[in-house]
Amino acid sequence: MDLGVAAGSGRHTGTSRLRVEDAALLCGSGKFIDDLAEPVNLAHAAILRSSEPHALIRSVNVGRARELPGVHAIITGEDVRNLSSPLVVGVKLPMECWPIAIDRVRYFGEPVAIVVACNRYVAEDALDLIEIDYEPLPAVVTPQAALDQANPPLHDAVGSNLVNERRFSYGDPDAAFAAAARRIAISVAYPRNAVTPIETYGVVARYDPHEASYDVTANFQGPFSIHAVLSRALKVPGNRLRLRTPPDSGGSFGVKQGVFPSIVLIALAARVASRPVKWIEDRLEHLTASVSATNRLVTLEAAVEADGRMTALSWDQVEDVGAYLRAPEPATLYRMHGNMTGAYAIPNVAIRNRVVVTNKTPTGLNRGFGGPQVYFALERLTAKIATELGLDPIAVIRRNLIPANAFPYRTATGALYDSGDYAGALDAALRDGRYAQLLTRRDAMRAQGRLYGIGHAAVVEPSVSNMGYVSTVMTPAERMKAGPKNGAQATATVALDPLGSVSVHVASVPQGQGHRTVLGQVVADVLGIRPDDVQVVTDLDTARDAWSIASGNYSSRFAPAVSGTAKLAAERIRDKLAAIAAAQLNVTVEDVNFADGKVSASGNPDNAIPFGRLAAASHWAPATIGDDAAQALRETVYWTPPQLSAPDAQDGVNSSLCHGFIFDFCGVEIERETGRVVIDRYVTMHDCGTILHPGMVDGQVRGGFANAIGAAFYEEYAYGADGALLAGTFADYLVPTVAEVPAPDILHFETASPFTPLGAKGVGEGNCMSTPVALANAVSDALGVGVERLPMTPSMIRALCSEAEPARPASVTPPASAPEPATGGRGLTGSGDARFPATRQELWDTLLDPDTLARIIPGCHSVARVSDTHFRADVTLGVGPVKGRYTVDVELSDLVEPASATLSGTARGALGSGSGHGHVRLEETGEGTRLSYDYEARVGGKVAAVGGRLLDGAARMVIGQFFKALGRHASKASGSSSMPGWLAWLFGGAR
Amino acid sequence: MPRLSRDETTPVRFTLNGAPVSGRAEPRRLLSDFLRNECGATGTHVGCEHGVCGACTIRIGGTMARSCLTLAVQAEGATIETVEGLAPQPGRLSVLQEAFRRHHALQCGFCTAGILMSLDTLFLDEPDAGEVRIRDVLGGHLCRCTGYEPIVQAAIDAQSRLRSGNTDV
Amino acid sequence: MKPAPFDYVRAESLDEVLDVLAAEQGEARILAGGQSLLPMLSMRLARPRVVIDVGRIRGLDAVETAKDGLVATAGLRQATLLAHPGLERTHPLLAAALPWVGHVQTRARGTICGSVAHADPSAELPLCLVALGGSVRLISKRGRRRVEARDFFTGLMSTGRREDEMIEAVSFPEAKRETGYAFREFGRRHGDFAIASVAAVVTTKTIEISVGGVDDVPARRAWPRLEGSALDDALNALAWELDARDDIHADQRLRRDLVRSLGRIAITEASQCLV
C-alpha cells in the first residue's frame, strides 16, 4: 500500500522549516540539565582530580575535609570499589577500568575523591583539604614510548602498553605491491583534540535503598549500549537504572558520550550521601579529563601504477587511547574499518592495527570519529602520489574513484556503499565551485612571489554505525565464541490522543540539531497534516520510552535511521487510520487520501473526515471500529537495516549503513613572516542522499567545517614530556572564533540511499574528515613541503619554511644564570652559577643550616631539619596574585664536602606539586667561591594545566629572588650562604 | 565602609529586566550563579567561568559584562538585563531573536543567550555598526555548532530591519 | 571552579582602600574591572584574604589631561578610553593597540590600571605605557610616588607596587610633533594574548621600539634612525637579547622571527606617519 506522500518529496520534508526548538532557546527558557527543577535536599558534588600523570597513591586523608561544615560525604576509590564493578574494557584484557583511581593514578585529572556538600563552593573548599600522598611513577606519554617495551606498563597485569594488535589482509596486497610500478608511502600523526561543547557534562542522581535502584538524569548523548555498561558497573539489573536525558543539551559532537564514568561516580555519591546529588562539570575539568579523539600514528603505503591508480594500500596504525581501553574504544580505530579505501576502488588492502595505552585522558567519541585520523593519512597520500608522479591531483583522485555504475559497491574491507556518483559530484564541484578560477589565482599569486597553495580531499562519510563493527578487533574465532553483534535498532513512536492530535517520540537524544523540527515535517507529510500540529518529544527516559542499545545521537544516524523510522511508525498509524476511514467513507483502503488535515476519498474531496476526528476514534468509540480494522492509538516501530550484518569470517565488515560523499577543495595563502595561514576560498561538495531540511544540512556542514578549522590550525590537548596537560583552559585550548572561521561555499549533489526509508544519509561529521586534510594539502602545496601532523601552528609552518635564522650576534650572550625552559613541556631544566665572597667550606656549612636558609629562601616560613641530609621547608611562593603555600622536602646525597652534592626532593601544595633533582658544585676562585648548579624538575597540578603562561618565567623569577636574597645575606656576613639552585628550582617548579 | 565577612551572606538587590529582585550572597558568590540559582534566571548559561566563551554575557548598567567575571555583591543596586528580558512579550520574539531563528543562527542554543545580549547591546549603543564591528563583537563568543556565519547574517539582517524600522518578520 | 572564601570591602573612598591595604599586608586584592582577577579567584590561583571593590568610588573613572599627558585613573575602563574623543590624534599608539586588548566584552569592564597592575607579559597596555615613556602613580597611606613605566614592570606579573599601595593612575604622554607611531601584534586567535607585539615610535632622528609577549616584561630600545641592513642587524640583536618564551603557542624561534618581522613592519609604518 502506498498512500500519501513519497519518501523525501513531501510538502514539508525537504524544506527549511523554521525550527520549533528556537523560540524557547532564544528566550532563555531552554531546559538544559542545570536548568531543571531541583529536589529540596539536593547536594552538590565536586571531584578531586589527580595532580599527577602517573603515580601510586600511598594514602588518601579526608579527615579535615570531612570536618568542614556543609560537607555531607566524601567518596574515595575504596568506596567505589566496594559498591561497584569496573567499567567494561574494550577487549578482553586483565585491565581494571574504574571511574576513579583506586590505588594508582594513570592520567592527570583522573578522579581521586568526590566531595558531596551543601553547594559547589563548599564542596570545592573541601577538595582543598583532602591530602593525597603520591609516589610518582615515570609517565608514558607518546604512542612511540608506549610501543617501547623498555617502558613500564601502566597496567601491571596486562604487562605491556601495547594492549591489542590485529593484522588484516583483503584481496592480495602482497602481490599487488610486488607488481606495482611505484610504492609511495607517508607517515603522519593526528593529534588529540575534541569538539568541546560549550555546555559541560552534568549529572543529577538519586538512589532508592528500598528498591536498590538508581535514577539518573545526565546530558548523555548515547549510544545507549552504555546503559548496559552503567548497570553492570552499578551492579543492578538494567531496570534498576533509570537513565533520563534533559530536553535540551548544549552541544555534544560525540563528547557527551564521555559523561558515563561520571554517572557511575555521582550515582554512588548519591547512594553514600543518602540524598540526591548534582554534579556540573566545570571547564577545567572538562578540558583536562572529559574525553578527546584518539591521537594516532599512521604509516600508509600505496601500490601505484604510473597513471596514479592505486592497486593496494598497506595501513599501519598505532592508536593511543589514553590510560584505559575504556568502552567503547577501540571503536575509533574500527569505525572506519569498512571504509579504509575511502572513495576509491582499491581491491587489495593490508592493515596492521595496534592499540596502546599512555598516561593521558581516556579517549571516546568525537565528531568524525576515526574519519579525521584515516583521511589525514589517505588524502595526504593521494596528494603525495600526484606530486611524486607529476600528475594533476584531480586526475589522481578521478582515476581512483569508485565508478557510478558500481553501486551498491562492496569495498575490499567489507563495507557496502549504498549509492553515489562520485565523478559526477566531483565534476559538479569543479564547475560550480569555479575551480579553474582558483588555479588562475594561484598562478597570479605565485607570480607575485606569494605563498599560495591549493588542496583537495575526496572523502566517504559513513553514517549509522553497525553495532557489531567494534567486534572486528576480535579474531573471527573470538567473535564466534562471544556471539554475533550487529544491526542498529532505531525506534520511533507515533501516538494519537483523544482530541486527535499527533505526538511523536524518538530515542535520538538531540544535542541541538533540531530533530523535533524535522520529525514534525516527516510525520506531517505522512498523515497529511501540518508540521505545527505534530508535537515531538526527544528526551529519553529508559524506564518509559522505547529504546535500544543503538539509541542516541552519534554516527550521524538521525536523518537516515531515526527520521526514517518515524516515517515508518507514522505510516503504520496512517494505514490503520486508512482502514477505519475506508469503512466510514465507504471506499476501499487504497482510495483513502490523507491531505490538508482531512482524510478523504480519492477523487471526491467532499467525502471527507477531519483528520482529528478520525484520529480520536479509537479512544472514544473503539467498539465501532469494524473487524477489518485495528485500533489506531499508538505505534512504536523498531527498525534495523538488514545490511548491517556481523563481521564475517574473513574480517569483512559493513561498519556503517550509509556512505555519503564529499569533495572539498580550497586555496590558502601563507604569510611568510608569521606562519599564519589565511583561507582564501573553501568549497565543499556534499552528497548526503536525500536532503530533509536544507537549512539544517548546511548548518551541519558549517559547524563541522568550523570544528575542522580548529583541528587543522588551533586545537590540541597538548601534553608535556612528563605527562602534564598543557592546554587546560580556553586560553590554551584554542577554539576558533568568528574571526578564524571563513564561510565555505557549500554545494550539494543528491543520490538517494536505497537502504534508508527517506533516502537520507548522515551529514554531520563529513567536514571533520575532509577539511583538515584538504587544508593540510593546500599548505603542503603552498610550501612545497609535506605537512605530516596537525595542528598547523605558526611555529610549525615557519619550521616547514626552512629558512635559516639570522645568527645570534656575537655581542649577545644568552642569560647566564637563568634556566632555559625545556621545550614543549612543563618539565623545567636549568643551570646557572653565582659567585660569593665566602670560602667553599663556609658555603658548605650554611647549606646545612636551617635558620639561614629560612631567612634567605623567598617566602620561607620555616626550615626544619628532619635528618642531617633531609630538610623540610614551609614556603609561600607565587607570581603576582598567584600564591600558594608549599611543603618542600629536600634530601641530599653524593655529598663530597665541600665540593659537590646531589639534591632530590618534592614540593606539595594546593596549586600543584613538583619534584626533581639537581647537582651543585662549589669551586674556589680568587675572590671567593663560584657555585654552579643544574636541575631538572617537573610540575604537576593545577598550575601546570591552567597557568602554562606563568610557569617558565616564574621559575626564573623565583631563582632571581633567591639570588638577590643570597647576595644580600652574603654581603652582610661573609660565610653565610646556601645552595642557590637547589631549593629555588624546587620552588620555581612548584608554585 | 561595609566589610562583608567571607562566611556570611548579605542581601543583594538589583533590577533584573525591569523588576526588582533580591537575594542573599556571600562575597565570593559569582553573579552568574546568583542569577541562575537565586533569581531563577537560568537563561544565562555558564560555559567556562574564566571569561573566554561568552555564554554568560549579560548587560550591567547598559554595558556588556561577563557575569562569571562579576561578583554578585558587585551588582548591588545595579540595573541588569539578561536574555529573559529580550522578547517584547511572552510568545513573541524580538527582531534580533526572529532573525536568529530565520537564519538558523543557533543549534544547541547554549551559547546563544550571551551572543544575543552582546548584539542587543551593540545595536542599542551603535545602531549603525558595520559588519566589521559586528564581527568584532561576536569575536568575544565561542559557538561550536553554527560555524558563526549564520550568526553574522542574522545580526546584519536584524540590524538593517531595526534601522529601517521594518520590524515585520 | 568557584573562588575560595574572602572578605569583601565595598570601598567608598580612596582612604578606605588605603586603610585596608595597609592593614592586610599583601593579603588584599583590588577589584576594579575584575577581568584578570576573577579568573584567578575562580581557579583558586589567587586566594586573597580580602577583595577591595573600588567600583563605587566616585570620580575614579576619569580621563584627565595633565602636563605628563593623558591620565587614566584607577577605575577607567578600557572601552571608555578607546572611545575617548581625539584619542587617535593625541595617542595614536593607544588607539591602535586598545582594540587588541581582550574582547569588546572584557574591554567594557576591564580597566586600564587593572591591566597595568596585572602586568601580564603579553598585555598591550603595559607595552604601550613603556613605549610612550609613561608613568605609574602609586598611592598609599604613606603618600604618593611616581614610578616610570620602564622601572615599574619587574618580572612576569610582577611590579614595583608595594603591598600597601594601589595604582591611582597611569599617565600616557601625548603624541609628539614630527613623531610616527605604530603598533603591530601577532596572536593565535582574535583577542588572544600576544605571541609578540611591537610598538614603534619614530622621529627623523630616532627609533624607539618596544616589544611585548616575548620576554617577561616589555622591552624597550632606542636607536638612531637605522636603515637597511643596519636596522635588520639591530632587530636581530634585539630578538636574541630577549629571553624569548617557548610554549605550546609559539616556540622561541617564531618569537624571534616576529621581533624581526613585526619590528620592521612597525618601524616602517611609523616612519610613514612622519611624512
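Two strands pair if DSSP finds at least two bridges between them. Strands themselves are DSSP runs of E, at least two residues long, and helices are runs of H or I of at least four, both numbered from the N terminus.

Before the details: this is a predicted model, where local features need pLDDT of at least 70, side-chain atom pairs count only at pLDDT 80 or more, and totals for chains, interfaces and linings use all residues. Residues are numbered from 1 along each chain as its sequence is written, chains are lettered from A in the order in which they are written, and side-chain values use heavy atoms, without hydrogens and water.

I start in chain A. Strands β14 (310-320) and β15 (348-356) of chain A run parallel and pair over 9 bridges. Within that pairing, A:Val318 sits opposite A:Arg354 of β15(A). Both strands belong to an open, mixed sheet of 5 strands, ordered β7-β15-β14-β13-β8. At its edges are β7 (162-170) and β8 (182-190) of chain A, each pairing on one side only.

Now the interface. Counting heavy atoms within 4.5 Å as contact, 46 residues of chain C meet 59 residues of chain A.

How many salt bridges cross the interface of chain C and chain A? The rule, a side-chain nitrogen of Lys or Arg within 4 Å of a carboxyl oxygen of Asp or Glu, finds 8. One salt bridge joins C:Arg47 to A:Asp128, at 3.0 Å from N to O. On the side of chain C that touches chain A, α10 (228-241) and α11 (252-274) each supply at least two residues. The largest share, 7 residues, is from α11(C).
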